[in-house]
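This report describes a structure at the level of helices, their packing and a few loop residues. The sequence and the model come first.

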Amino acid sequence: MATASACGSSKMADEEISAALPVSTEAKKRRAPKAPELPIVERRNWLIHQHYIRKDYDTCKAIIKEQLQETNGTCEYGIYVQALIMRLEGKIQQSLELFQSCAILNPSSADNLKQVARSLFLLGKHKAAIEFYHEAARLNEKDWEISHNLGLCYFFIKDLKHAEEQLNIALRINKHDKTFMMLGKVHLLAGETDKAAEVLRTAVEFSPENTELLTTLGLLFLQLGKYQKAFEHLGNALTFDPNNYKAILAAGSMMQTHGDFDVAMNKYRVAACAVPESPPLWNNIGMCFFGKKKYVAAISCLKRAHYMSPFDWKVLYNLGLVHLTMQQFASAFHFLSAAINLNPRMGELYMLLAVALTNLEDVENATRAYEQAATIDESNPLVNLNFAIFLYNHGDKKATLDQYQEMERKVNLLRDSNSTFEFDPELMDMAQKMGAALQVTEGLVWTKPAKDSKSKPSSAAATNAPGPPLGTNQALGQAMSSAASYSKSLQQPAGAAEGSSAPLEPEPDAEKAPSPPTGPPGSPKPAESEHPRPRTSKRKSKVEE
């Protein structure tokens, strides 16, 4: 029995051991395999990446420093991220050197070459950046970013042909809003407004809710005089973003151009909440007050715009214009001189400066200013008409006739370029008087408004004409109004003033209104004496930036 029990117990022990063995083997099978040992160069890359995307740059730089010490400066990823952090901190030169180190460690990486080119671009070394982008393009031909940035570099060195080519390649690789916008700017800079409009239309079809594209296209239609389409696209931009101040400024400027000063002011109130320190905004508000004959308020707003942007010649131009209106000729001279220093290629500025000098009784310098204006300007008949009046008032009839004939030539150019072009009624009246004084009325290139035009209804802008004229030889130029931060000046018809971008719009007159006015109110004509002394025409209209 004892032997049997011993055998039985040994069998049970054997069964227990045999039952335990498979469990031990199965546990070994379930155990996770040991992670492979990463090379020391890449051991902390994941940690560097985690801290970088969390924007924990201090910790990231500390880990990179340790990693570079362990690898003797051969950790490509650590150097790459450190260069990105330095660029974000504004240390562009140091980031360039680090990216160059990455390119040396791994010369076959297109990303390293792209970052070297990007740093060169930020340093303003566009030609060097182009070389590196081309090298990166050889390693990766179908990279949208490379083609886009190449187009950007060519744009900044004014190589518009290659810029257009590279941007089109980028669009073929991948359509992107930024590329559409840049290509539109290239066409605008090349003077191809139709192509720019077509590109922006395609962009809006691709991205119909992009407010920047809608606003830019609206501004472009505004340049081309297609006010309905401009208003439509600006309205769409405001629908998607009611606080888009660029669209608000543009829409308000359109209303301001057509004399709806109160509606424009309501728009500007909304924009003032978003950008209370915008110089174009306060410039436009000031010119709204100017159109409403509130000259003190206009000067206050314009001086605020001038304080915020002291080198904006349009603000200085408008300040000179308002001071001329208020017969403060010394102040007008001060602001117009400053505007000329900033924009010396605009003939109308010299003309207004000459008007101020004439009223300050500085005939010699007024003559020089008029001569400079006539030399620079190639299309504005108002410059030659004012110069002719000045010369006539000082007894130089031969030179007066020369300027009068030059004015007629410019008028012919304007009329040939646009058969429906309407001239400023006051300009026409002054030219008629000057022609009569010079006995050349039979050579006039226009006809005076018919007598029955008095019976036509005049608008509110025409009935609210400003006060008495400024003097015997004076002028109001075009009031400059900034629609938005848009770099390209407005498209102008052949013969428009070089420094301004809007056509000569008819100025309403208190006595004669041959057609509804399209610009702000002008001043009334002086009472005609028995021997009228010619006066310089006064005119203003709105111009968008």
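Just after helix α24, Gln 439 takes a positive phi of about 60°. The model is predicted: local features need pLDDT of at least 70 and side-chain atom pairs count only at pLDDT 80 or more, while totals for chains, interfaces and linings use all residues. Residues are numbered from 1 along each chain as its sequence is written, and side-chain values use heavy atoms, with hydrogens and water left out.

**The chain as a whole**

The secondary structure of the chain comes to 25 helices and 2 strands. These are DSSP runs numbered from the N terminus, with helices being H or I of at least four residues and strands being E of at least two. Of the 545 residues, 49% count as buried. Buried means under 20% relative accessible area, exposed means over 50%, and partly exposed lies in between, with a 1.4 Å probe and protein chains only. Residues 24 or more positions apart account for 61% of the contacts with a separation of 6 or more, where contact means heavy atoms within 4.5 Å.

**Helix α24**

Helix α24 covers residues 425-438, and its 14 residues reach 20 Å from the first C-alpha to the last, close to the 20 Å expected at 1.5 Å a residue. The expected span is 1.5 Å times one less than the number of residues. Because 12 of its 14 residues are buried, α24 is largely enclosed by the rest of the structure. Among the buried residues are Leu 427, Met 428, Met 430, Met 434 and Leu 438, and also Glu 426, Asp 429 and Lys 433. The buried residues of α24 pack against α22 and α23.

The axes of α22 (residues 381-393) and α23 (residues 397-417) come within 8 Å and cross at roughly 165°. Axes are lines fitted to C-alpha atoms, for helices over the stretch in contact, and angles run from 0 to 180 degrees between N-to-C directions. The two helices α22 and α23 are therefore roughly antiparallel to each other; the cut-offs are under 35 degrees for roughly parallel, over 145 for roughly antiparallel, 65 to 115 for roughly perpendicular, and oblique for the rest. The contact includes Leu 385, Phe 387, Ala 388 and Leu 391 of α22, and Tyr 404, Met 407, Val 411 and Leu 414 of α23. By class, this contact has 11 nonpolar, 3 polar and 3 charged residues. Here Ala, Val, Leu, Ile, Met, Phe, Trp, Tyr, Cys and Pro count as nonpolar, Asp, Glu, Lys and Arg as charged, and the others, Gly among them, as polar.

Helix α22 also meets α21 (residues 363-376): the axes of α21 and α22 come within 10 Å and cross at roughly 150°. That makes α21 roughly antiparallel to α22. On the α21 side the contact includes Val 363, Ala 366, Tyr 370 and Ala 373, and on the α22 side Val 383, Phe 387 and Phe 390. The residues of this contact divide into 8 nonpolar, 3 polar and 1 charged.

Helix α6 (residues 110-122) has 13 residues and reaches 18 Å from its first C-alpha to its last, close to the expected 18 Å. It is mostly covered, with 10 of its 13 residues buried. Leu 113, Val 116, Leu 120 and Phe 121 are among the buried ones. What covers them includes α4 (76-88), α5 (92-105), α7 (126-139) and α8 (144-156).

Phe 156 has its place in α8. Leaving aside neighbours within four places in sequence, Phe 156 is in contact with Phe 121 and His 126. The C-alpha atoms of Phe 156 and Lys 127, 29 residues apart along the chain, are separated by 9.6 Å.

**Residues in loops**

Met 326 lies in the loop between α18 (313-325) and α19 (329-342). With neighbours within four places set aside, Met 326 is in contact with Tyr 295, Val 296 and Ile 299. Its C-alpha is separated by 9.2 Å from that of Val 296, 30 residues apart along the chain.

Lys 55 is found in the loop between α2 (45-53) and α3 (57-71), and its phi is near 65°, a positive value in a residue other than glycine. Glu 361, in the loop between α20 (347-359) and α21, also has a positive phi, about 65°, although it is not a glycine.

| Residue | Relative accessible area | Class |
|---|---|---|
| Phe 156 | 44% | partly exposed |
| Met 326 | 27% | partly exposed |
| Lys 55 | 64% | exposed |
| Glu 361 | 70% | exposed |
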